[in-house]
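Hello,

Here is the structure you asked to have handed over. My notes on it follow below.

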Amino acid sequence: MALKVAIVGLPNVGKSTLFNALTQTAAAQAANYPFCTIEPNVGEVAVPEPRLEALAKIAGSKEIIPARITFVDVAGLVRGASQGEGLGNQFLANIRDCDAIALVVRCFEDDDVTHVEGRVDPLGDIDIIATELMLADLDSLERRLPALEKRAKGGDKDAVQALRLAKVAQVELAAGRPARAAAIAEDDAKAWRMLQLLTAKPALYVANVDEASAATGNELSQRVAERAAAEAAKAVAISARIESEIAVLDAGERAEFLEALGLHEAGLDRLIHEAYALLGLQTFFTAGPKESRAWTVPVGASAPEAAGVIHSDFEKRFIRAETIAFDDYVRLNGEAGARVNGRLRAEGRDYVVRDGDVMNFLHGA
């Protein structure tokens, strides 16, 4: 499944530096002036998955194919973006089709890097961005309500549902809360997504700290973490500058560099994992001589739904799934050992996929 995360923030907070590190390219121009990123930059990033190496070794796979996530580096937002200030309209349009927002805030002091607001205050940055997104959502709803009301009066059931949900969102936004604060029933989830509200998207706070604070964070990043906790959200502290250095190293050099910094894993790996978790996703695997591959499905997905990620016909013609837990696959040295020891299970249409399942789907012609 295609996953897109928008990298959002005020100008000069390290968004493009972070994007460059994520994609291991210099595609995004990281310059010290507002609006240096004029067009959105898009890059696909492999989701770090060490289990794939073990599967490939046991299965004798010729190729390893990780799951991927797309990051979009969009132009910096400024106060008044919802009214078209700066590159506001473009900014808002670029994040509307993304699945989640990685909100980057500056948590470092540096006189050589200007701040568009003339101060370093990550919570203030969060407030500006949250306000602009909420105002944009309110404006969008107000423009759509008349048409929804007309259709609802005409008996359009979809319009009735959309109108009800739009009013739920209005209540939250008018109270200064993002739309994602609303409690939405599962039956309304699809219609809720169709409203395409910016503040309904899951958000991850990314505290961009100085190099010295890469391992432990600092006082500013702690404030961001506390803000996230109060909102039942997630936060991660990384140094974009250090990550850009790590990104160009080979595996051995990277491990040594991380150890010297007192880090167990790269900050970008933590960011990608947190984004994955934020979207409620998990991984299942397929493994064989040709390839070992990671696939992405939502937590709670059924076996047919997982089969459909590989090919839509597999879901339509699903018969059963041969399933082995990752730990059993490794412990018993692959499919043959798991089968002999009774750890390969035949699962039907109602089976709920678990993270790490190694699966083979049987389907009709």
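How many salt bridges does a search of the whole structure find? The search finds 20, a salt bridge being a side-chain nitrogen of Lys or Arg within 4 Å of a carboxyl oxygen of Asp or Glu. This is a predicted model, in which local features need pLDDT of at least 70 and side-chain atom pairs count only at pLDDT 80 or more, while totals for chains, interfaces and linings use all residues. Residues are numbered from 1 along each chain as its sequence is written, and side-chain values use heavy atoms, with hydrogens and water left out.

One of the salt bridges joins Arg51 and Asp355 (3.1 Å, N to O). Arg51 lies in helix α2 (residues 51-59) and Asp355 in the loop between β11 (345-347) and β12, so the pair ties together parts 304 residues apart in sequence. Helices (H or I, at least four residues) and strands (E, at least two) are DSSP runs, numbered from the N terminus. Asp355 is partly exposed, at 43% relative accessible area; buried means under 20%, exposed over 50%, partly exposed in between (1.4 Å probe, protein chains only).

Another salt bridge links Asp328 and Arg343, with the closest N and O atoms 3.1 Å apart. Asp328 is buried at 9%, whereas Arg343 is partly exposed at 40%.

Glu243, in helix α8 (residues 240-246), is buried at 3% relative accessibility. Leaving aside residues up to four places away in sequence, Glu243 touches Ala21, Ile238, Ala266, Gly267 and Leu268 (contact: heavy atoms within 4.5 Å).

Regards
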